[in-house]
Amino acid sequence: MECPKCHFDHPQQTDECLKCGIVFARYVAFQEAIANVRPVAPERSPEEITEAEHKARNEFLCRILALPGALAIGWLINLATPMLAYFLAMWLHESGHAITAWLCGYPAFPTAWITMIGERGRWISVILGAAVAAGGYFAFRLERWFWVALSAAVLLLFVLGNLQPDAHAHLLFTFWGEGGAYVLSTILILTFYARADSPITRNQVRWGLLLLGAIAFWSVYSRWQGGFENIAQFLEDTDGRGLPSDMRVLNLVYGWDTYKLINSYRALGHVCLLVLAGAYAAGLVQIQQVRRTLATEAQRPREIEEPVFPRG
């Protein structure tokens, strides 16, 4: 019989090896036990686990303070320097126009205070849709399921947007100027919860995006929570080309009364706040799970050393 350890083969050895002396039954039982223990043994050294626990603890504290702190600072900046906050929100406002126009098949280019929107051709949707589909494919290959789902959702928006008649498409990208500022500022805030290995997190960019998003969010939110007085000037305002403002277009062209206008944007602002609250709670739960996993890993026994089997 061949020895399972040293592979010495001899017809007279049936229970133990004549060369190394191990008992076959004991050795096989021990190897089975090792096979069951090794998958749960920690792959990192105690020093690495301690460092990971320290980082997780710091991240936990950051997640407790960062979002409420950024919203508080954004509110104070909006209160102290409303023009600065309005200037930041303006870029998101114009980007909201442009993105919605792209989804509906219109070429658009956002600039300061004005978004240039061309004639509908749908070629812009084809080009951007192909780019999104390619990104979704690579995300699928990398098993990044969040980006796969996001790519699928954006492709669906491209399809739905291009199905809209021209009049309704114009209504959409008029409304989603302010609406886009809400959504894009919320997305900027949510970048704080990017993956730990992403460049946004590694390079600490997420802190800047978090603060910029909070400032822009409060600029839009305070405008619509202030009631009619805060938007009265916009109902009679025109842009740099002498064209009526978005609010005036919604009011006069599409028949939205002031009550509907205010309450639509108020409701969207509340939805964005609910999304932020959900992300805040989910972020705390996630980092707590990481901390528990690390604590469990630190308490696991080290890999068992192979004993010396005596003869007989």
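**Close-up 1. Trp113 in the loop between strand 1 and strand 2.** In this predicted model, Trp113 is placed in the loop that joins strand 1 (108-110) to strand 2 (115-117). The backbone of Trp113 has a positive phi of about 75°, although this residue is not a glycine.

**Close-up 2. Tyr106 and the residues around it.** Tyr106 belongs to the loop between helix 3 and strand 1. Its relative accessibility is 3%, and Tyr106 therefore counts as buried. When neighbours within four places in sequence are left aside, the residues in contact with Tyr106 include Ile117, Gly118, Glu119 and Arg120, and also Asp166, Ala169, His170 and Phe173. Ala101 and Ile124 are likewise among the contacts of Tyr106. For orientation in the view, Leu184 is 78 residues from Tyr106 along the chain, and the C-alpha atoms of these two residues are separated by 20 Å.

**Close-up 3. The two sides of helix 4.** Helix 4 covers residues 123-141, and its 19 residues should span 27 Å at 1.5 Å a residue, which agrees with the 27 Å between its end C-alpha atoms. The buried residues of this helix are Ile124, Ser125, Gly129, Gly136 and Ala139. They cover an arc of only 110° around the axis, and so they lie on the same side of helix 4. Helix 3 (82-103) and helix 5 (145-162) are among the elements that cover these buried residues. On the other side of helix 4, the residues Val126, Ile127, Phe138 and Arg141 are exposed.

Close-up 4. Where does Glu143 lie in the chain? Glu143 is placed in the loop between helix 4 and helix 5, and it comes just after the end of helix 4. The phi of Glu143 is near 60°, which is a positive value in a residue other than glycine. At 54% relative accessibility, Glu143 counts as exposed, because this value is over the limit of 50%.

**Close-up 5. The contact of helix 8 with helix 9.** Helix 8 (residues 205-225) packs against helix 9 (residues 228-235) at an angle of about 100°, and the axes of the two helices are 6 Å apart. Helix 8 and helix 9 are therefore roughly perpendicular to each other. At this contact, Ser222, Arg223 and Trp224 from helix 8 meet Asn230, Ile231 and Phe234 from helix 9. Sorted by class, the residues of the contact are 3 nonpolar, 2 polar and 1 charged. Helix 8 has 21 residues, which should span 30 Å at 1.5 Å a residue, and this agrees with the 30 Å between its end C-alpha atoms. Helix 8 is followed by Gly227, a residue with a positive phi near 85°.

**Close-up 6. Ala33 in helix 1.** Ala33 has its place in helix 1, which runs over residues 24-37. Is Ala33 buried, partly exposed or exposed? Its relative accessibility is 37%, and Ala33 therefore counts as partly exposed. Val205 is 172 residues away from Ala33 in sequence, and the C-alpha atoms of the two residues are 48 Å apart in space.

How values were computed:
Residues are numbered from 1 along each chain as its sequence is written. This is a predicted model: local features need pLDDT of at least 70, side-chain atom pairs count only at pLDDT 80 or more; totals for chains, interfaces and linings use all residues. Side-chain values use heavy atoms; hydrogens and water are left out. Axes are lines fitted to C-alpha atoms, for helices over the stretch in contact, and angles run from 0 to 180 degrees between N-to-C directions. Helices (H or I, at least four residues) and strands (E, at least two) are DSSP runs, numbered from the N terminus. Angles under 35 degrees count as roughly parallel, over 145 as roughly antiparallel, 65 to 115 as roughly perpendicular and the rest as oblique. Contact means heavy atoms within 4.5 Å. Ala, Val, Leu, Ile, Met, Phe, Trp, Tyr, Cys and Pro count as nonpolar, Asp, Glu, Lys and Arg as charged, and the others, Gly among them, as polar. The expected span of a helix is 1.5 Å times one less than its number of residues. Buried means under 20% relative accessible area, exposed over 50%, partly exposed in between (1.4 Å probe, protein chains only). The arc is that of the directions from the helix axis to the C-beta atoms.
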